Amino acid sequence: MASSLTCTGVIWALLSFLCAAASCVGFFMPYWLWGSQLGKPVSFGTFRRCSYPVHDESRQTMVMVEECGRYASFQGIPSAEWRICTVVTGLGCGLLLLVALTALMGCCVSELISRTVGRVAGGIQFLGGLLIGAGCALYPLGWDSEEVRQTCGYVSGQFDLGKCEIGWAFYCTGTGAAAAMLLCTWLACFSGKKQKHYPY
């Protein structure tokens with residue numbers, strides 16, 4: 001099976017896939033922010049949440065439903081910053097995944113990734129990582145929303161966690177994006193083989 005990638009290109013393809021997978025998994029998981037409410041653990045992502053309060057009609061009290069799920073609508077996301085974060089981070093993850101899958105195909109298909117295509121792919125990865133990084137930077141701006149304040153002891157604010165903690169999914173998303181921006185972008189420049197020029 002012919003490959004259009006150099007040895008460095010194969011490393012780039014595998015690393016690109018790992019970075020994209022880390023960013024996408026972290027983005028999808030609702031474990032960006034941890035706190036507690038009514039004695040139960042609560043976690044948030046950009047567009048998902050685990051555990052939420054509901055009014056129990058029979059006992060006339062608030063109880064926690066311990067389930068994970070998406071918000072009912074895009075407008076249901078607690079803050080405008082988190083809505084922007086969702087779109088920007090999702091776009092970045094999509095770009096990283098597109099390049100990673102193309103790079104993996106380059107391992108099996110000859111003349112798919114030339115030096116120029118590799119450099120363009122590296123630029124797209126840089127843009128994807130930048131978008132995810134921007135999403136991660138926007139996320140703390142939503143910590144002053146009422147939903148988050150209820151979970152963080154009513155003392156959280158923008159860039160102030162209160163009684164909450166940053167979750168593993170936030171770090172996973174950010175690390176995947178940083179590696180894609182710094183390492184994959186550089187490796188992409190050396191990933192493609194020089195194309196053969198045929199005389200006809």
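Which residues does Phe27 touch, not counting residues up to four places away in sequence? The legends below take up this point and others in a predicted model.

**View 1**
Phe27 touches Trp32, Thr46, Phe47, Thr86, Thr89, Gly90, Cys93 and Thr173, leaving aside residues up to four places away in sequence. The relative accessible area of Phe27 is 13%, and Phe27 therefore counts as buried, the limit being under 20%. Ala13 lies 14 residues from Phe27 along the chain, and the C-alpha atoms of the two are separated by 21 Å.

**View 2. Packing of helix α1 against helix α2.**
Helix α1 covers residues 7-28 and helix α2 residues 80-106. Their axes come within 8 Å and cross at roughly 155 degrees. The two helices are therefore roughly antiparallel. The crossing is left-handed. On the α1 side, the residues that meet α2 are Trp12, Ala13, Leu14, Ser16, Phe17, Ala20, Ser23, Cys24 and Phe27. On the α2 side they are Thr86, Thr89, Gly90, Cys93, Leu96, Leu97, Val99, Ala100, Ala103 and Leu104.

**View 3. Packing of helix α1 against helix α5.**
The axes of α1 and α5 are 7 Å apart, and the helices pack at an angle of about 160 degrees. An angle over 145 degrees counts as roughly antiparallel, so α1 is roughly antiparallel to α5. α1 passes α5 in a left-handed crossing. From α1, the contact involves Thr8, Ile11, Trp12, Leu15, Ser16, Cys19, Ala22, Ser23, Gly26 and Phe27. From α5, the contact involves Ala169, Cys172, Thr173, Gly176, Ala177, Ala179, Ala180, Leu183, Cys184, Leu187 and Ala188.

**View 4. Packing of helix α3 against helix α5.**
These helices pack at an angle of about 155 degrees, with axes 8 Å apart. They are therefore roughly antiparallel to each other. The crossing of α3 and α5 is left-handed. Gly118, Arg119, Gly122, Gln125, Phe126, Gly129, Leu130, Ile132 and Cys136 are the α3 residues that meet α5. Their counterparts in α5 are Phe170, Thr173, Gly174, Ala177, Ala180, Met181, Cys184, Thr185 and Ala188.

**View 5. Thr173 and its contacts.**
Thr173 is found in helix α5, residues 168-188. With a relative accessibility of 0%, Thr173 counts as buried. Leaving aside residues up to four places away in sequence, Thr173 touches Ala22, Ser23, Gly26, Phe27, Trp32, Thr89, Ile132 and Cys136. Among these contacts, Ala22, Ser23, Gly26 and Phe27 of α1 also take part in the meeting of α1 with α5, while Ile132 and Cys136 of α3 take part in the meeting of α3 with α5. Arg48 is 125 residues from Thr173 in sequence and 15 Å away in space, C-alpha to C-alpha.

**View 6**
The whole structure holds 12 aromatic pairs. One of them joins Phe170 and Tyr171, with 6.0 Å centre to centre and 80 degrees between the planes, an edge-to-face pair. Phe170 is buried, at a relative accessible area of 16%. Ring pairs link Phe170 and Tyr171 with Trp32, Phe44, Trp82, Tyr139 and Trp143 into a cluster. Elsewhere in the view, Arg48 lies over the face of Phe28, at 4.5 Å from the ring centre.

**View 7. Two residues with positive phi.**
Most residues other than glycine have a negative phi. Ser51 has a positive phi, near 70 degrees, and lies in strand β3, residues 48-56. Ser51 is buried, with a relative accessible area of 5%. Phe159 also has a positive phi, near 60 degrees. Phe159 is found in the loop between α4 and β5 (165-166). Its relative accessible area is 54%, and Phe159 therefore counts as exposed.

**View 8. Ser145 in the loop between α3 and α4.**
The loop that holds Ser145 runs between α3 (115-138) and α4 (146-151). Ser145 is buried, with a relative accessible area of 8%. Pro78 and Ser79 are the residues Ser145 touches, not counting residues up to four places away in sequence.

How values were computed
Residues numbered from 1 in each chain as written. Predicted model: local features only at pLDDT ≥ 70, side-chain atom pairs only at ≥ 80, totals over all residues. Heavy atoms only, no water. Helix = DSSP H or I, 4+ residues; strand = E, 2+ residues; numbered from the N terminus. Buried < 20%, exposed > 50% of the residue type's maximum accessible area, 1.4 Å probe, protein only. Contact = heavy atoms within 4.5 Å. Phe/Tyr/Trp six-rings, centres within 6.5 Å; stacked < 30°, edge-to-face > 60°. Lys NZ or Arg CZ within 6 Å of the ring centre and 35° of its normal. Axes fitted to C-alpha atoms, helices over the stretch in contact; angles between N-to-C directions. Parallel < 35°, antiparallel > 145°, perpendicular 65-115°, else oblique. Left-handed = near helix turned anticlockwise from the far one by under 90°.
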